[in-house]
Amino acid sequence: MAEIKESFFSAEGLEKRLAGKKFWKTMMTEYWIPKDINFLWAMGVVLATTFAILIISGIFLLMYYKPDTALAFDSVNYTIMQDVAYGWLFRHMHGVAASVVFLIIYIHMFTGIYYGSYKKGREMIWLSGMLLFVTFSAEGFSGYMLPWGQMSYWAAAVITNLFAGGSLEAWGLVEWIRGGFAVNDATLTRFFMLHVFLLPLVIIKLIVVHFYTLRIPHVNNQSSEDIDYDAEAEKYLAGNKKESKVIPFWPVFLSKDFAVLGIFLIFYFYLVFFNYNFAMDPVNFDPANPMKTPAHIYPEWYFLWSYETLRGPFFDMFGLKAGDIGLMIFGFAQAAFLIVPFIDRDPDILPAHKRPRFFIWFWIMIIDLLVLTVYGKLPPTGANAWVGFYATAVFLLLFASMPFVTKADAKARGAL
Amino acid sequence: MSDKTNRRDFLGMSFAAVAAVGGAASLVGMKQAWDPLPSVLAAGFTTIDLAKIDLVPGKPQTFTWRGKPIFVLEKTADMEKFDGDLVIGDKRYTVSIGLCTHLGCIPAWKKDKWKCACHGGEFNSNGQQVFGPPPKPLNIPPFSVKGTVLTLGEEGEQSKAMMTARA
Amino acid sequence: MREIKILAIVVFFTGLLYWGVEPFAHSKLHPHVPAPDYTFSDVDGLNGLTGDATKGAEAVASNCTACHSITAVGFPPVMDDATSAASYGVVPPDLSSAGKIYNADYLAAFIKDPAKAAKTAHKFEDGASHPMPAYNWMQPQEIADIVAYLQSIAPKEMTNKEVFADACQRCHSIKYGDFYGGSMAAKTPDANIKSYMGVIPPDLSQMIRSRSEGFLHEFINDPQKHLHGTAMPRVGLTQDAEDQVVGYLTEAGDSKKAEREALRGPFLAYLVIFAIFAWLWKTKIWRQVH
C-alpha cells in the first residue's frame, strides 16, 4: 500500500487518507453548471429533497405500520394517525409528498423536453430519468395499497386484473402476482416488501446513475448554448466571476436551489396542513371490502392520463377488441417517453421557442395530457368516452408525428 | 501457445456456463417463492347446498369462492327458461362469478338484472351481457352437482355446457 | 422578468390540473342534493298543538314502557341488549334523551307512523312490519302530550358521546371511540342487525375522514337523498344534536384535529422565515456572478 506517514489524528493525515478536499472540489466547488438557468433548474434538488422527506417520514410510519390485512387499516388510521406523537404529521407528509413528487417529476420532465435536454449526448440522463419515473410509479402504486382502504384494495384488484387480459390469463400470471386467486394478505405483504425495500434500493441506485450520467455532458442551459467548460471554469477561478458563463455547484447553484426549496416547502406544507384530500382520497378512509365495489374507482391523479388511454378505445377496431387495444396503448404509454430522444430528428439542441413547429407540438402535448388526466377521473360515459377516445388518439399521433415535426423545423432552419 | 489459449477460453466459458446454470436455477426457485401457497390453493373449494340456503326466487344470494363473489339466483316463473340454466328438479338456477367481465367490479342486483356501478354494464337473469361495455357474459365457476349440493372448484359436465350456452 | 413569466405558466397549468382533478371532477361525481331540512317540513307532526307533560307521563307509562326503557324516570330495560335484539330485530332505544335530541314534530310523526317518518316504509313490504307499531289511532293531543313529557324529562346538557350513544350506537359501532377497551361496539349484535337491516351498518370510526362534514349533515338529516333505497332510517335529529354527533365522529376519528390546527400557523411562519433567509443568501451569492 501507499504508506501514509501523517498521523490519523491530524488534518493532513485525514486528508491524505480520504482526499476529502479533492472530493469536495470535484463534487461541489469545481463542479461547473451553466449560469444561464432559471428556477426550473432547481427541480432536481427539489425532487431529491422530496424523496428524502418520503424516506424519513416512511421510516417513522414503518415503526407502527402492520402489513396484515386484518391490522393494516387500524395501524394507520388509529395508531399512527391518533396515537403516535406527530404520527398524523408523518402520515400527511408521506401521502402529500408522494403526490407532490409526481408534480415535480412532470415539471422536471417537461423542462427537459422543452429545452432539448435529452439530445446529443444527454440520452442516458433522459433514460435513467424515465426509468426513475417508472420506478417511482411502481413505488407509488405499491405504497397506496398499504393502508388497505377501499381504494387500496380495488385499485390493486383492477390493475392486477389487467394481467388476466387476453392470452395472459392462461399463464396464471394474475394469480402468481397476487399470490392467490384474489388480492389477499400475500399480495399486501409482497407489495410491502417492494415498497419498503426493493424499489427504494432501485430508486437510490438509479439516482446515482442519473447524477453520474449528468456530469460528462454537463447540465443544459436556457439557450442550449454549447459551452467550453474548461475555458469558462478558468475565467471563474481566475476571479472573473461576472464574465464566466459557468457557476460552481457549491455555493452558487445550490444557493438558488435552497431559495427555490424555501418557496416549495411553504407550498408543500400548506398542502400537508390545509389541503390534503387530493393526496389522501376520502374513499380510502373506508376499510377495504372485497365484496363491495366503490361507486367510483380511480387511480391517483398522476396515473390518470395513462389510465385514460386504457379506457380511451371503447369499441373494437382493426379486428382487435377494444379492451386489447386499450391494454396495448396503456402499455405503450408507460414507456412512451423513453423513446423521445430517438424520434426527435432535429440535430440541433435548442429551446422549444426557437423550434416553431416543435413549440406547437409541445403545448398540444401538455394540453392533451391535461385533458386525459381530467377525463381519467370522470366516469367514461356518454360524451366523456368520446373525449377520452380523441385525446388518446392525439396522444398516439403526437408520438407518431414527432420525427416529421422535428425534421421540418431543422429543414426550415437549414440544419438538414 | 494456442493450446494454452484454447484451454483457458474453454475453462473460462465452462465456468461461466456453470455459474449461469446456478443463477438460472436460483431464479426458478425465486419464481416459485412467489407462487400462491399450497394452503391458499387447497382452500379453493366451496360447497353450497341449494336446499338449505333459503333462496327466495328472484332474489339472488352471494357466496364467496376463492375470494370472488358467486351469485346464485333461483329463477322466478316469469324469468325466461334458458339452455344455460342449472336445472335441479323443477327449479332453474343461474350460477355466476359476480365480477363484471369489463373490469372486474361487482354488479348489484336491481329487480330483474345485474347492474355494474363502475361503467353501467348490465347482465340479465341468464348472466348474459345486455348493455354497456362488458364484452362477455358473467363467468361460470367450475362446479359439480350432487343432488342439491354444488361444489365450486371442481369442473363438472354441467358448468362447461352452461358456459357454452351463455356465449 | 422571464423567470416570473415561466413561474406564471407553471402555476397556471398546475392550478388548471388541480381544478380539473378536484373541484370539477368532484362536482360531476357527486351531484348536488338539497340542503338539510331541520324543520322536517314534510312530516305530519304536532301541527301546532302544545302538549301537557303530566298527561303525557300517563300515556307513556301505559303505551311505551312495555318495550322502551326510560332510565331517567326509573324504567330500566327489561331485557339485556342481546335478548331484546333477538325479540325485536334491533335494540329499542331508551327514551330518556329523546325529547332533547329529536325534533318535536318529527317525534310526533314517528309515534303516529314510525316507518313513514323514518322513511323506511320500503323495507316493510310483503307482510313484514316495523317492530314499533303505529299509533295513528291516538288523538293528536295525546301524542303532543307524550312529546311534551319526553321533552320535560330530557337532560339539559349531553356530551357528544352521549348523543351518539343514544342516536346511533344501537346499529353503528365506532370502535375507535374505545379502541383498546372495546366499549363502542354496536348495541345490537351483528347477526340481528344484519337480518334486520340487510347488511351490517358500517363502523363509523373513520366516517369523518371518508365523508365531508357537509355530506354527513345532508346524509344524517335524510339518508335517502344520497343513498336512495337505503335501510338506514331518518332519525330526526335536531341541528344541535346532529352537530354533537358529528362532533363525536371527529373526537373518535380525527382526534388530532386541534393539534393539527394549532401547529400549522407557527410551522408555516417558520418556513416563511426560512425562505426569506434562503433568498437573502442566494441574492448575496449571486451578486458576485451577475
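**Entry 1: the three-stranded sheet in chain B**

I started with the open sheet of three strands in chain B, which runs in the order β1-β11-β10 with antiparallel pairing. This is a predicted model, and I keep that in mind throughout.

Which strands stand at the edges here? They are β1 (46–49) and β10 (143–146) of chain B; each has a single partner strand, so one side of each is left without a neighbour in the sheet. I also looked up the twist, which averages 20° from one strand to the next.

Then I followed one pairing along its length. β1(B) pairs with β11(B), residues 149–152, in the antiparallel sense, and the two are joined over four bridges. For a landmark on screen I picked T46(B), which stands opposite L152(B) in β11(B).

**Entry 2: the four-stranded sheet, also chain B**

Next I went to the open sheet of four strands in chain B, ordered β2-β3-β5-β4 and antiparallel in its pairing. β2 (61–65) and β4 (86–88) of chain B take the edge positions with a single partner strand each, so each has one side without a neighbour in the sheet. From one strand to the next, the twist averages 30°.

How many bridges link β4(B) to β5(B)? I found three, with β5(B) covering residues 91–97 and the pair running in the antiparallel sense. My landmark here is I88(B), which stands opposite K91(B) in β5(B).

**Entry 3: how chain B is divided**

I checked the domain assignment of chain B: domain 1 spans 2–35 and domain 2 spans 42–166. The C-alpha centres of these two domains of chain B lie 52 Å apart.

**Entry 4: how chain A is divided**

Chain A is also assigned two domains, domain 1 at 31–297 and domain 2 at 310–416. Their C-alpha centres lie 24 Å apart. I then looked at where they touch: 20 residues of domain 1 of chain A are in contact with 16 residues of domain 2 of chain A.

On the domain 1 side, the elements giving two or more residues are α5 and α6 (123–145) of chain A. Which of them gives the most? It is α6(A), with five residues. By class, I noted ten nonpolar, seven polar and three charged residues on this side of domain 1 of chain A.

**Entry 5: a helix inside chain A**

I zoomed in on α4(A), residues 72–83, to see what is buried. My list is A72(A), F73(A), S75(A), V76(A), N77(A), Y78(A), I80(A) and M81(A). What do these buried residues pack against? They pack against three helices of chain A: α3 (43–62), α5 (87–115) and α9 (185–215).

**Entry 6: chain C against chain A**

Moving on to the chain contacts, I first asked which pair shares the most. Of the two pairs of chains in contact, that is chains A and C.

This contact takes 42 residues from chain C and 43 residues from chain A. On the chain C side, the elements that give two or more residues are α1 (2–29), α10 (207–210) and α14 (257–287) of chain C. α1(C) supplies the largest share, 17 residues. Sorted by class, the chain C side has 25 nonpolar, seven polar and ten charged residues.

I looked up the confidence for chain C as well: its mean pLDDT is 93, and 100% of its residues reach 70 or more.

**Entry 7: chain A against chain B**

The contact between chains A and B takes 22 residues from chain A and 21 residues from chain B. On the chain A side, α7 (150–161) and α8 (173–178) of chain A are the elements that give two or more residues. How many residues make up the largest share? The answer is three, and they come from α7(A). The side of chain A that touches chain B divides into 13 nonpolar, seven polar and two charged residues.

**Entry 8: chains B and C, and the scores**

Last, I wrote down the scores for the model: ipTM 0.92 and pTM 0.90.

Terms used: Residues numbered from 1 in each chain as written. Chains lettered and ligands numbered in written order. Predicted model: local features only at pLDDT ≥ 70, side-chain atom pairs only at ≥ 80, totals over all residues. Domains from an automatic or database assignment. Pairing = 2+ DSSP bridges. Axes fitted to C-alpha atoms, helices over the stretch in contact; angles between N-to-C directions. Contact = placed C-beta atoms within 7 Å. Nonpolar A, V, L, I, M, F, W, Y, C, P; charged D, E, K, R; others polar. pLDDT = per-residue confidence, 0-100. Buried ≥ 20, exposed ≤ 12 C-beta atoms within 10 Å, placed from the backbone.
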